[in-house]
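User: Please take me through this model and show, for each label you use, how the value leads to the label.

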Amino acid sequence: MNGTILEHEFFTQIGELGYRDKSFEWVIWHAWRSMEQLAADPRAKSLPFMDNPLPTLGMMISYLLFVLWLGPLYMRDRKPMDLRRVIIFYNMFQVLLSGYMFYEHLMAGWLRGYSLTCQTVDYDDGPLSRRMFNLCYVYYLSKLSEFADTVFFVLRKKQSQITDLHVYHHSLTPMEAWILTKFIAGGNATFPNVINNFVHVLMYFYYMLSAMGPRYQKYLWWKKYMTEVQIIQFILCIAHCINALVSGCPFPRFISTLLLINASIFLVLFMNFYIQSYKHKAAIAKPIESSKVQEVTEDNKLSNEETTTTTTATLTEINNNSIVSVESLLEKSGKPLPPAADQHNTDSCEHMELSSPENCLDETITDISLQTELPKDVIESTEGLRQRIVTLEELQLVPEHPSRVEELAK
């Protein structure tokens, strides 16, 4: 039946109800009955949950009550449930189911003569029409099964995953699928379903790999592209609905308008999610990463400066202690102190960046050993000094090199 004629007859019957003196419930009930008589697919009446929308509405309300109130209340004082194995098999089931529905959509119509620009609903009970009708009902049941996505989040206490987008999507799609099966099981209305089944094959496969543990995380690099595929899905649906509305397609304009509004809402929500999850986080992560690199560089610089300062101070302390010790030993022995070093030695010790403090110490001790004959008690005291230096070298407070003090003690 032509969609435009169907809509005209429906609103004509609504106007003939004489609702001025009737209650609101009476008007709704009779409007529903009129719409069912004119537009409902008679094949749907005998199927479970398809006689009227109340069972589906009841399941949607129960879903919202559980995920938003009863579930979190029940899990508040309990540990998260370990559902890893259940989730793996659930996601595997959804991958297989979505793959089956994608194939059936193609074989029941979209590869068997359906037009991409305008396709009306075939209500004749032929083989392909019946196949498409049965598929629409399976699609409806699959949307009810997807309530489990959110239930698993609640039982695992993953409340951060239960976003407004997630709840809106899972609570609304069962009613959309019910309307599809009840009134328009085929034609243009199944175009979004084909794309949705393909996207769900990828999506639930991703969820399955994610649930299989850390060893499979390296295969999940394409998460970002999953959201981009979903955005493309809604852009295609919007373009398809607009084409049906502006081209004069006999598919019901009211349904095309509803599909257009729904796809536009999903597009806005998914775009917002994409920007918040990837673009915004990437913009924040870049300066944070740069600041971390700068902090690490500054920390390394400060660490190097502290190490250099500590090492220099330690070497200077060793040199001063060594020279003072030698001078005190000489005074104890009654021997005169050696004459001041010549200008060449002074210059070499003044330029510390070209000659290490140890070299200055070695040159001083060498001059002393050449000009002074040390008595036995001085040599024994020097041996103690040598042991102190050896101990410091073992502790790596001074560089390892041949010590002139050792030669002096020998």
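Analyst: Since we shall speak of helices throughout, let us begin there: a helix is a DSSP run of H or I with at least four residues, and helices are numbered from the N terminus. Please keep in mind that the model is a predicted one. Just after helix 8, Gly213 takes a positive phi of about 110 degrees.

User: How many helices and strands does the chain have?

Analyst: The chain has 14 helices and zero strands, and 40% of its 410 residues are buried.

User: What makes the span of helix 8 close to the expected one?

Analyst: Helix 8 covers residues 191-211, which is 21 residues, and its first and last C-alpha atoms are 31 Å apart.

User: Which residues does Asn91 touch, leaving aside its neighbours within four places in sequence?

Analyst: Asn91, which lies in helix 4, is in contact with Tyr204, Tyr207 and Met208 once those neighbours are left aside. Its relative accessibility is 3%, and because buried means under 20%, Asn91 counts as buried.

User: How do you know that Cys118 and Cys249 form a disulfide?

Analyst: A disulfide is a covalent bond between the sulfur atoms of two cysteines. The sulfur atoms of Cys118 and Cys249 are 1.9 Å apart, and because the cut-off is within 2.5 Å, the pair is called a disulfide. The two cysteines link distant parts of the chain, 131 residues apart: Cys118 is in the loop between helix 4 (84-110) and helix 5 (127-145), whereas Cys249 is in the loop between helix 9 (223-246) and helix 10 (253-333). The link of Cys118 and Cys249 is right-handed, with 75 degrees about the S-S bond, and the count of disulfides comes to one.

User: Why is Cys249 called buried, and why is Cys118 called partly exposed?

Analyst: Cys249 has a relative accessible area of 5%, which is under 20%, so Cys249 is buried. Cys118 stands at 25%, which falls between 20% and 50%, so Cys118 counts as partly exposed.

User: How do you know that Cys237 is in no disulfide?

Analyst: Cys237 is buried, at 5% relative accessibility. The nearest cysteine sulfur to that of Cys237 belongs to Cys241 and is 6.6 Å away, and because a disulfide needs sulfur atoms within 2.5 Å, Cys237 is in none.

User: What makes you say that the charged end of Arg78 sits over the ring of Tyr74?

Analyst: The charged end of Arg78 is 4.0 Å from the centre of the Tyr74 ring, and the label asks for a distance within 6 Å, along with a position within 35 degrees of the ring normal. Arg78 is placed in the loop between helix 3 (54-75) and helix 4. With a relative accessible area of 42%, which is between 20% and 50%, Arg78 is called partly exposed.

User: Which residues do ring pairs link into a cluster?

Analyst: The cluster is made up of Tyr90, Phe152, Tyr204, Phe205, Tyr206, Tyr207 and Trp222, and the structure holds 17 aromatic pairs. A pair of rings is counted if the centres lie within 6.5 Å.

Terms used:
Residues numbered from 1 in each chain as written. Predicted model: local features only at pLDDT ≥ 70, side-chain atom pairs only at ≥ 80, totals over all residues. Heavy atoms only, no water. Phe/Tyr/Trp six-rings, centres within 6.5 Å; stacked < 30°, edge-to-face > 60°. Expected span 1.5 Å × (residues − 1). Buried < 20%, exposed > 50% of the residue type's maximum accessible area, 1.4 Å probe, protein only. Contact = heavy atoms within 4.5 Å.
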